[in-house]
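Open the model in your viewer and keep the selection tool at hand. The stops below go from one residue to the next.

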Amino acid sequence: MELSFTTHRIHLHHTFGISRSANDWYDIVYVYLKDHDIVGRGEAAPSMRYNESTEQILFILKHKVKLPEDCSNRETIWNHILPQLKGTKALEAAFSMALWDWWGQKCGQTIYELLEMDTHKMPLTSFTIAIGELDEIGQKVAEAEPYAILKVKLGTPGMDREIINEIRRHTDKLIRVDANEGWDLETAVEFCKWLADQNIEFVEQPFPANQLDDTASLKEKSSLDIYADEDSLNSADIPGIAHAFDGINIKLMKCGSLEEGKRMINLAKFHGMKIMLGCMVESSVGITAAAQLAGEVDATDLDGNLLINNDPYRGVIVQNGQIVLPTGKGLGLSVNSENENLE
């Protein structure tokens, strides 16, 4: 088996704005595990919110990571590589994807089959409308026409109500609100009361992480469900936040592996919490990997690949707003012909 990697700059259709940043592109890292005619593919889409960067990931890959002598078993390779990744979750996620992709192709099974995930009821995915100019909202809503649910980024002082009102000029679709840690308690209580009459499904991460007292207070006062994102990094977080949130958002780039994502699903269900499966801005490699878990969650926000205009891969697709997994083994990915030189 050979390990290789490369960077790829993904470009967005529109500037992707949230409460703390705005971007027109992101640099991601692809990890490849080549075993004769099998290529296992993984993607690292790091976030500075979690103190991870492309430069950090490339340094680890160039100076730290060595495959074991015995590369005959997925678990053996994973246990050998994991300590070398220095706790960098996006890179852990990339190796988790690549190893499961390789192993699935080797075993002749899909990843969701290997993980014993139920795929009979795949949820609808939302389509994200990021923070931007108000006069762009109509075009963004039009581009989201195939999707039944919108994910709207808020957390901008003085603009949040205008954003919702402008969207409502164009559509009455169900909306999920993501404040990205951008509110204070007084704002959140008042705004959630107003949002309750705007066909809103839930509110995600209203306050900066670890403000659990404020979150618990909002949960008690709001008729809308409150979901954790930055407060829900991995399964170890769930027992401590279950009292303050109605649900969690699982992202592979936060939790570090498909196995950990599955643990989070099981533990959230144990605590009676709802579950959304989310993503960073990623290509079809990362989105297809996350979608392997989608059949056992309540909601999905797996549109990162739909927001970019230069995806090198094809995998999971969306039909009538619903996640449809590829039928190929492993991740079931295929390469867009003009990007074959990436590997």
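Start by selecting Glu201, which is partly exposed at 30% relative accessibility (buried means under 20% relative accessible area, exposed over 50%, partly exposed in between, with a 1.4 Å probe and protein chains only). This is a predicted model, in which local features need pLDDT of at least 70 and side-chain atom pairs count only at pLDDT 80 or more, while totals for chains, interfaces and linings use all residues. Residues are numbered from 1 along each chain as its sequence is written, and side-chain values use heavy atoms, leaving out hydrogens and water.

Arg176 sits in strand β6 and Glu201 in strand β7, 25 residues apart (strands are DSSP runs of E, at least two residues, and helices runs of H or I, at least four, numbered from the N terminus). Arg176 is buried, at 2%.

Now select Asp229, buried at 0% relative accessibility. Lys254 in helix α10 is 25 residues from Asp229, and the two form a salt bridge with closest N and O atoms 2.7 Å apart. Lys251 also forms a salt bridge with Asp229, at 3.0 Å.

Last, select Glu259 in helix α11 (residues 258-270). Glu259 is buried, with a relative accessible area of 15%. Not counting residues up to four places away in sequence, Glu259 touches Arg74, Trp78, Ser96 and Trp100 (contact means heavy atoms within 4.5 Å).

How values were computed:
Salt bridge = Lys/Arg side-chain N within 4 Å of Asp/Glu carboxyl O.
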